[in-house]
Amino acid sequence: GGSYGKRTGSRRRRRRMATVAPSSTWELVGDGRVGNAMRWMAKRNHASTIVYGKGQRVSERRDGPVLVCTRVEALSDVLQQTPERRKKDLCFLQNG
């Protein structure tokens, strides 16, 4: 018998979060529920954020991922506001 492979007692599961270099900057499009969650995660990882709001153009001078946290209805506007060379950097995060 025995309890091989079984957990005994109560243990809380620890959430794993991605870690980033302290000097990194996260670029976000959208400041709704998902965007604010990403800002919180950036802050927790000692990263700064650049948030592009509705109608703002994504910076052409930067490199790295741009986290798109918008509703599906806003995607065409996001693509129009993103320079061609940065479109490869877009990462889409949506709830639902």
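## A report that starts at a cysteine

Cys69 is buried, with a relative accessible area of 7%. Here buried means under 20% relative accessible area, exposed means over 50%, and partly exposed covers the range in between, with a 1.4 Å probe and protein chains only. This is a predicted model, in which local features need pLDDT of at least 70 and side-chain atom pairs count only at pLDDT 80 or more, while totals for chains, interfaces and linings use all residues. Residues are numbered from 1 along each chain as its sequence is written, and side-chain values use heavy atoms, with hydrogens and water left out.

**Cysteines**

Where is the cysteine sulfur closest to that of Cys69? It belongs to Cys91 and lies 9.7 Å away, which is too far for a bond. Cys91 itself is partly exposed, at 32% relative accessible area. A disulfide is a covalent bond between the sulfur atoms of two cysteines. With the cut-off for a disulfide set at cysteine sulfur atoms within 2.5 Å, the count is zero.

**Overall layout**

The protein contains two helices and four strands, and along the sequence they run in the pattern β-α-β-β-α-β. These elements are DSSP runs numbered from the N terminus: helices are H or I with at least four residues, strands are E with at least two. Of the 96 residues, 26% count as buried. The accessible surface comes to about 7800 Å², and 48% of it belongs to carbon and sulfur atoms; the areas come from the Shrake-Rupley method with a 1.4 Å probe, and for residues only the protein chains shown count as cover.

Contact means heavy atoms within 4.5 Å.

**Cores**

A nonpolar core is a set of buried Ala, Val, Leu, Ile, Met, Phe, Trp, Tyr and Cys residues joined through side-chain atoms within 4.5 Å. The largest one has eight members: Val29, Tyr52, Val58, Val66, Val68, Leu75, Val78 and Leu90. Two or more of these residues come from each of β3 (66-68) and α2 (75-80). There is also a second, separate core of seven residues, with Trp26, Leu28, Met38 and Leu67 among them.

Beyond its neighbours within four places in sequence, Val58 is in contact with Glu27, Val29, Tyr52, Val66, Gln81, Thr82, Pro83 and Arg86.

Over in strand β2 sits Ile50, which is partly exposed at 27% relative accessibility. Not counting residues up to four places away in sequence, Ile50 touches Thr25, Trp26, Glu27, Leu28 and Arg62. From C-alpha to C-alpha, Ile50 and Val29 are 8.5 Å apart in space and 21 residues apart in sequence.

**Salt bridges**

The structure holds six salt bridges, each one a side-chain nitrogen of Lys or Arg within 4 Å of a carboxyl oxygen of Asp or Glu. One of them joins Arg62 to Glu27 at 3.7 Å, N to O. Arg62 lies in the loop between β2 (48-52) and β3, and Glu27 in strand β1 (residues 25-29), so the pair ties together parts that are 35 residues apart in sequence.

Another pairs Glu84 with Lys87, whose closest N and O atoms are 3.4 Å apart. In the bridge between Lys88 and Asp89, that distance is 3.3 Å. Which residues are linked in a network of salt bridges? They are Glu27, Arg62, Arg86, Lys88 and Asp89.

| Residue | Relative accessible area | Class |
|---|---|---|
| Glu27 | 1% | buried |
| Arg62 | 28% | partly exposed |
| Glu84 | 64% | exposed |
| Arg86 | 0% | buried |
| Lys87 | 31% | partly exposed |
| Lys88 | 63% | exposed |
| Asp89 | 11% | buried |

**Around Arg86**

Arg86 has its place in the loop between α2 and β4 (90-92).

Leaving aside neighbours within four places in sequence, Arg86 is in contact with Glu27, Val58, Ser59, Glu60, Arg62, Asp63, Gly64 and Val66. Of these, Val58 and Val66 belong to the largest nonpolar core, while Glu27 and Arg62 are linked with Arg86 in the salt-bridge network.
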